[in-house]
Amino acid sequence: MRIDVDALLREVALRLRPRIGELVDLLVSRMREEVPSVWAYDDLADPAMQSVSQHVDTLLYLLEREFDTFSVQAPPAAVSFATRLAEHGGQITELLHAYRIGHAAILDLIREEAAHLTTDPELRDAVADALIEGTFDYIDHTSEQVVTAYQHARDIRLQRRLIVVNEASCRIGTSLDIARTAQELAEVGTEYLADFVTVDLLDATLREEGPAPAQDILVLRRIAQHSVLDGCPESAVPTDRTHGFAPGSEPASALFTGHPLRHRITPADTPAWLAGSEAHRHAIGAFGIHTMLLIPFWARGRPLGIAQFFRHRDATPFDDDDLLLAQEVTSRAAIYIDNARRYTYERATALALQRSLLPSNVPRHATVETAARYLPSGARAGVGGDWYDVIPLSGARIALVIGDVVGRGLYASATMGRLRTAVRTLADIDLMPDELLTHLDDVVIRLQREEGRDQDEISATCLYAVYDPVSQICSLASAGHVLPAVVPPPTDGGPAANPQASFPDAPIGPPLGLGGLPFETARFELPEGSLLALFTDGLIESSTRDPDSGLATLRDVLAQTDPSLEDTCDRLLDELLPSRPADDVALLLARPHALDANHVTTLELPSDPSMVSHARAYATDHLAAWKLDDLAFSTELIVSELVTNAIRYGKEPLCLRMILQSTLTCEVADASSTSPRLRRARTFDEDGRGLLLVAQLAKNWGTRYTRDGKVIWAEQSLPGSP
């Protein structure tokens with residue numbers, strides 16, 4: 001009986017071999033119906049046909065050789081098909097299902113052919129048993145080899161995916177710049193996934209607005225694009241140009257639902273939103289774009305934009321794995337872009353706040369020429385709390401302020417604004433530098449208590465200097481801040497004799513916010529033509545340079561005589577900050593100008609009421625010499641009241657000083673610390689109206705305290721001045 005079975009199977013094989021093409025077509029037809037997903041890839045159709053053909057040929061060969069499956073190998077076309085299916089992201093279950101369908105179909109065909117050759121029921125049953133045993137052995141043996149090849153290709157694909165994801169993690173998000181991050185995504189996409197990638201963000205999102213209304217066209221801005229071809233010739237929209245998607249279109253739906261889409265593009269099947277644009281139609285036809293992915297950007301529960309991946313040079317269409325990989329890479333980029341967007345917005349807000357709190361234009365003063373610069377940091381931490389200020393004081397004096405709040409961002413900028421306001425308020429009452437810093441220290445401590453923050457969270461350094469153009473003395477105190485550089489006036493000895501910058505011998509007190517520690521005022525002469533450079537530590541310190549090296553460079557630049565302070569500022573920044581600074585930088589340069597004897601006059605007075613008339617006459621004479629006769633009446637009244645108060649309530653020595661600058665200032669100094677106050681006299685009072693008259697006649701008036709007493713002053717505008 002066994003001989004008859006083997007002979008019958010050989011006869012079946014001989015009869016079927018001329019019909020191999022017919023059998024292959026029949027098997028492929030059944031497999032297309034049962035397992036359509038395997039045939040979804042156009043480039044796999046030919047390998048699938050070859051795989052089926054080689055399987056049939058091998059089975060017929062086994063029928064002729066009595067089903068000797070021990071040494072049989074899976075057909076090369078079958079191994080190749082399994083490998084390519086794995087590379088396309090096909091499922092192993094689909095492949096095995098196709099094997100079962102093919103096995104059942106070829107088994108039926110062989111049994112049917114065997115039935116035509118014999119009517120013996122026992123022989124038919126024996127042939128059926130042999131066919132079942134032999135074909136199952138063949139399918140088990142070959143499918144094991146095919147699955148091994150599939151798994152190997154699948155492992156390589158997964159490893160490649162991990163490499164791409166790891167590469168994307170390293171290359172995307174290297175900075176907090178939106179355009180750069182988007183460009184990094186486009187470059188990674190074209191290197192590993194696509195031939196052309198575009199990145200569009202919602203224009204409203206870039207402006208920190210909500211999404212566009214549903215009835216309006218969805219407006220996006222092309223942030224980045226990259227292609228395997230030079231110049232991105234496939235692009236229909238230039239970078240940084242806006243374009244729109246109609247509500248309800250596939251890109252709009254993908255954007256607002258967050259669901260990615262994959263499109264096959266053929267002349268007969270082109271998405272309507274692409275076919276509606278002449279530029280898109282031209283790009284599709286000219287470059288042969290055949291598939292695309294639409295991947296929405298979502299971050300923190302809101303849509304940001306959409307990335308589009310196109311293939312034209314790579315003939316392989318995008319598959320499910322490509323879609324997942326593009327989605328994973330894009331989702332990572334979306335977080336980085338949202339971080340960059342938030343950082344950009346917060347930085348712009350902090351910078352706008354910072355600049356609004358700094359002087360928009362450094363005020364011009366006759367006694368001090370100034371120039372200033374403020375540079376925000378290039379660090380990811382954002383804008384800091386550096387500030388500078390120039391404050392006019394009574395007696396033609398000028399206060400120069402520079403400070404640095406610890407920290408970054410909006411809070412540091414807001415704290416800087418509060419401290420700058422506090423300094424201006426304290427300067428208005430004309431405190432000595434050390435006293436002003438003591439009160440400012442109390443302000444910082446009070447802020448710490450009120451907001452429940454640690455010392456490190458609210459802390460600052462500050463330098464407060466006051467220049468007196470009459471005495472040419474500069475008084476300064478430092479709260480943890482680096483001392484200013486002082487350059488003496490140039491000499492006539494030529495370039496070799498250029499003066500070198502030095503630093504005053506002054507103590508540096510503790511930073512603001514520590515409390516309980518004293519500040520000291522240092523005084524030094526600042527003659528006509530000197531240069532005073534105040535700066536924050538960001539100017540001289542960096543990760544590549546120690547402070548001593550920075551100070552040496554600063555001295556060298558300041559030693560180069562330059563009449564323009566603006567040019568000196570630029571040279572300092574060019575030499576010390578060739579690249580974007582890692583810390584905020586504030587720089588304030590001041591060149592003092594002394595008031596000579598033609599603009600200042602002083603009269604010592606004894607404490608004698610009869611000297612009031614002498615003081616009035618003295619003032620009138622000097623007004624005539626200064627050709628300010630129009631101010632004679634008001635000045636006589638002011639001098640009379642101030643001298644009278646000093647004689648009545650003050651202590652000797654008494655001194656009247658008149659200063660002519662942009663205003664006319666009358667000052668009376670005495671050794672008493674008792675301060676006068678403005679009050680309203682009653683109807684029958686014989687005094688009490690003096691300071692009221694002074695307040696009405698003067699532009700400004702006030703009191704400042706010195707180590708030896710106080711000074712009452714009053715300023716008047718000059719005739720013809722605004």
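**Entry 1: two packed helices**

I began with the pair H17 and H18, whose crossing is right-handed (a crossing is left-handed if the near helix is turned anticlockwise from the far one by less than a right angle, and right-handed if clockwise). The model is a predicted one, in which local features need pLDDT of at least 70 and side-chain atom pairs count only at pLDDT 80 or more, while totals for chains, interfaces and linings use all residues. Residues are numbered from 1 along each chain as its sequence is written, and side-chain values use heavy atoms, with hydrogens and water left out.

I then looked up the geometry: helix H17 (residues 611-625) and helix H18 (residues 632-649) pack at an angle of about 145 degrees, with their axes 9 Å apart. Helices (H or I, at least four residues) and strands (E, at least two) are DSSP runs, numbered from the N terminus; axes are lines fitted to C-alpha atoms, for helices over the stretch in contact, and angles run from 0 to 180 degrees between N-to-C directions.

For the contact (heavy atoms within 4.5 Å) I noted residues from both helices, including Val612, Ala615 and Leu623 of H17 and Val639, Val643 and Ile647 of H18. The contact residues divide into eight nonpolar, four polar and two charged, where Ala, Val, Leu, Ile, Met, Phe, Trp, Tyr, Cys and Pro count as nonpolar, Asp, Glu, Lys and Arg as charged, and the others, Gly among them, as polar.

**Entry 2: the sheet beside these helices**

I traced an open sheet of five strands in the order S17-S18-S19-S21-S20, with antiparallel pairing (two strands pair if DSSP finds at least two bridges between them). Its edge strands are S17 (600-605) and S20 (700-706), each pairing on one side only, and the twist averages 15 degrees from one strand to the next. Between S17 and strand S18 (residues 654-660), which run antiparallel, I found six bridges, and threonine 602 has arginine 657 in S18 as its bridge partner.

H17 lies across S17, S18 and strand S19 (663-670), at about 170 degrees to S17, whereas H18 lies across S17, S18, S19 and strand S21 (709-717), at about 15 degrees to S19.

**Entry 3: the six-stranded sheet**

I also followed an open sheet of six strands, ordered S3-S2-S1-S6-S5-S4 with antiparallel pairing; its edge strands are S3 (242-245) and S4 (261-264), and the twist averages 30 degrees from one strand to the next. Four bridges join S4 to the antiparallel strand S5 (residues 291-299), with arginine 262 opposite leucine 293 in S5.
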